[in-house]
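Open your viewer and get ready to click along. We'll go stop by stop, and at each one you'll hear what to select and what to look for.

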Amino acid sequence: MAKNSNGNSRTLTGIRKVPTGVKGLDEITGGGLPQGRPTLVCGSAGSGKTMLAMEFLVRGAVQYGEPGVFMAFEETAEELSQNVASLGFDLPTLTRKKKMYLDYVHIDPSEIQETGDYDLEGIFVRLKLAVDSVGAKRVVLDTLEALFSGLKNQAVLRAEIRRLFRWLKDHGLTAVITAERGEGTLSRYGLEEYVSDCVILLDNRVREQVATRRMRIVKYRGTAHGANEYPFLIDDTGFSVLPLSSLGLQHQASTQRIGTGIAGLDEMLAGKGLYRGSTVLVSGMAGSGKTSIAAHFADATCSAGQKCLYFALEESFSQVSRNMKSIGLDIKKHVDRGLLNCQAWRPSSYSLEMHLVRLHKSVEEFKPDAVIFDPITNLIVSAADPLEVTSVLTRFIDFLKVKQITALFTSLTSASSAAETSDVGISSLIDTWLLVRDLESNGERNRALYVIKSRGMAHSNQVREFRITGHGVELIPAYLGTHGVLTGTSRMIQEAQEAAEQFRRQHEVERKRFTLETKRKKIDAQIAALRAEYDMAEKEAMSVVEEAEAARKQRGVDRFALAKSRSSNGAEHRKAAPVLEQK
Amino acid sequence: MKKARSKKNGNGNGNGQHWILRLYIAGQTPKSVAALSNLNAICESKLKGQYKIEIIDLARKPELARENQIFAIPTLVRQMPEPIRKIIGDLSDKQRVLLGLALEEAV
């Protein structure tokens, strides 16, 4: 049960600890409360003392097999059972199963008359009976100081309380004693002087009308413990303490890349997208499309079969979902598949640290691969001190990094200040910082996106035009004109002009080509004509030659015929005839 | 209401016997002994013949402590007449005992 053995170097005096089972408290205390010793839990009214004590007892009984006794001085057993039923603690059943013993000590000063010397043996008798009947290892006395308001004889009281603590120690009972916080002292009646082993202070501070619960280990004799103030939360699953500052810069850096869901953006980030586990900040003015980028990232994460936790601090999820549908992103289907978990709440409902506890808890429960925070600026509004914001965010980012969870924060920058300064010094925590800027010119506002920084990659230095279309976000390489980047209508005009120019050139080429063709055809025709003329001439010449030849032959025949006829030989005459026919 | 040990004082059967006083102790401690003797003295002087004292030893019957909301020892409880009143201590302060039992008006 005790985590640390006697030989452990961290517990020099050999203090053994019992785990409380309270989320985070065991980490702060390095294992739990001192075994067999009383622990004092002080705090003002409503700071959660009873809840802490009760959870210590119930978790002990349920999780660690250590039955417990709850001795209440302020609330009846029925009231207590009802109060903690909302946390899922079933006291009547635990009592029935003999895992727990509830005893309400009713002290009403108006019906008590003190008439001399007395002691508090009655409480001892009851405690003994309770401890014996369930075999208790843990005891809670809530609030022992009620005795002081009920009884007048302080000397007797103090002596008896001292005896009570001794008795608890002698019986090896791990006890939690709650006490009301006093002015300038830990407890109103100075109970801390009897409890020297472990003192826990609970605090419920209200600032800017927002309450923050905090816990501090004032003292824990003989052991190392977290000395800071830790925010905590009481909700339907009980206590959650946030041991954030125990984290350092020891996280592993992943080389795995994940897409942002926007092809153009991945391209700007060295063509591969973000590193897993990196922290991304998207800054921009109102309406610059930060949520759209976030939704794209959520969509990409879930489409890859990974889990994404979406914290919406500005809009309800149904509103985000509807709006994203208008740009062609259906993120609701991921919710139905259980990959996307969206939590929406107003930042003013909690203080900064309470937000953090809630975030912490949600992350622990859902175990996402990516977390989206839209927008982080709303958290900052709820805190008065920028330093506090930085410290809290550092802790949260460290927490996510250790878990290798990629985080995307959006940040609303105000128009009056430069984007670089308005992000409350969290830029050093950010690995990839995207800025969406409004460019106002020629009577319109256009969006441009650029990468301010992106650690560990050769990112683009270009300014890209950022367009939100019916089928998602598009990044278009911006036109560079004489007055800088051209976007929107200017870009379209430029595009139109270029298209016209292109057309004109095309046309010119066509025309030239046509002219040339015509010319070629003309020349061809001329050539053909000349050739025809030549052919004619040739033919003519040939026919003249032939005629001349024929004439020459004819003359020869004639001469022959003439000679023949001169010789008056008929046979000779017939022989000459085929020659004539050949012609 | 269980009675651990009851002890009748005085000649009980008088018509005025409507006082039931219960003294809770835890073992025979000096305070308990003192309380009992103080109680007897007071009763004898003020309530002679009209009272009954029951002594309950919580060391033997610890469950009665919870049942009757006893936290201090010794505790004297005026069971009858109603309403129930509690007086803690060894009853050495007689004036306070009388005040606590509201004996002035009853007598």
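How many residues does helix 5 of chain A have, and how far does helix 5 reach from its first C-alpha to its last? Select residues 121-134 of chain A: there are 14 residues, and the helix reaches 20 Å, close to the 20 Å expected at 1.5 Å a residue. (That expected span is 1.5 Å times one less than the number of residues; helices, H or I with at least four residues, and strands, E with at least two, are DSSP runs numbered from the N terminus.)

Before moving on, some ground rules. You're looking at a predicted model, where local features need pLDDT of at least 70 and side-chain atom pairs count only at pLDDT 80 or more, while totals for chains, interfaces and linings use all residues. Residues are numbered from 1 along each chain as its sequence is written, and chains are lettered from A and ligands numbered from 1 in the order in which they are written.

**Around helix 5**

Stay on helix 5 of chain A and colour its buried residues, among them E121(A), F124(A), L127(A) and V131(A). (Buried means 20 or more other C-beta atoms within 10 Å of a residue's own; exposed means 12 or fewer, partly exposed is in between, and C-beta atoms are placed from the backbone.) Now show what covers them: the list includes strand 5 (100-104) and helix 7 (154-170) of chain A, along with helix 2 (63-67) and strand 4 (75-80) of chain B.

**Where the chains meet**

Next, show both chains together. The contact takes 21 residues from chain A and 27 residues from chain B. (Two residues are in contact if their C-beta atoms, placed from the backbone, lie within 7 Å.) On chain A's side, the largest share, 7 residues, comes from helix 5. That side divides into 8 nonpolar, 5 polar and 8 charged residues. (Ala, Val, Leu, Ile, Met, Phe, Trp, Tyr, Cys and Pro count as nonpolar, Asp, Glu, Lys and Arg as charged, and the others, Gly among them, as polar.)

Zoom in on strand 6 (112-114) of chain A. (Pairing takes at least two DSSP bridges between the strands.) Pick I112(A) and you'll find its bridge partner, K86(B).

**A hairpin in chain A**

Jump to strand 22 (residues 464-469) of chain A, which pairs antiparallel with strand 21 (residues 444-454) over 3 bridges. A448(A) stands opposite E465(A) here. On to strand 23 (residues 472-477) of chain A, joined to strand 22 by 6 antiparallel bridges. R464(A) has P477(A) as its bridge partner, and the hairpin between strands 22 and 23 goes through 2 residues.

**The core**

Which residues have the most contacts inside the largest nonpolar core? Select A298(A), I372(A), L408(A) and L39(B); the core has 166 residues. (A nonpolar core is a set of buried Ala, Val, Leu, Ile, Met, Phe, Trp, Tyr and Cys residues joined through C-beta atoms within 7 Å.) Leaving aside neighbours within four places in sequence, I372(A) is in contact with residues including F297(A), C308(A) and Y310(A).

**Zooming out**

Chain A holds 17 helices and 25 strands, and 43% of its 583 residues are buried. Chain B has 4 helices and 5 strands, running β-β-α-β-α-β-β-α-α from the N terminus on, with 38% of its 107 residues buried.
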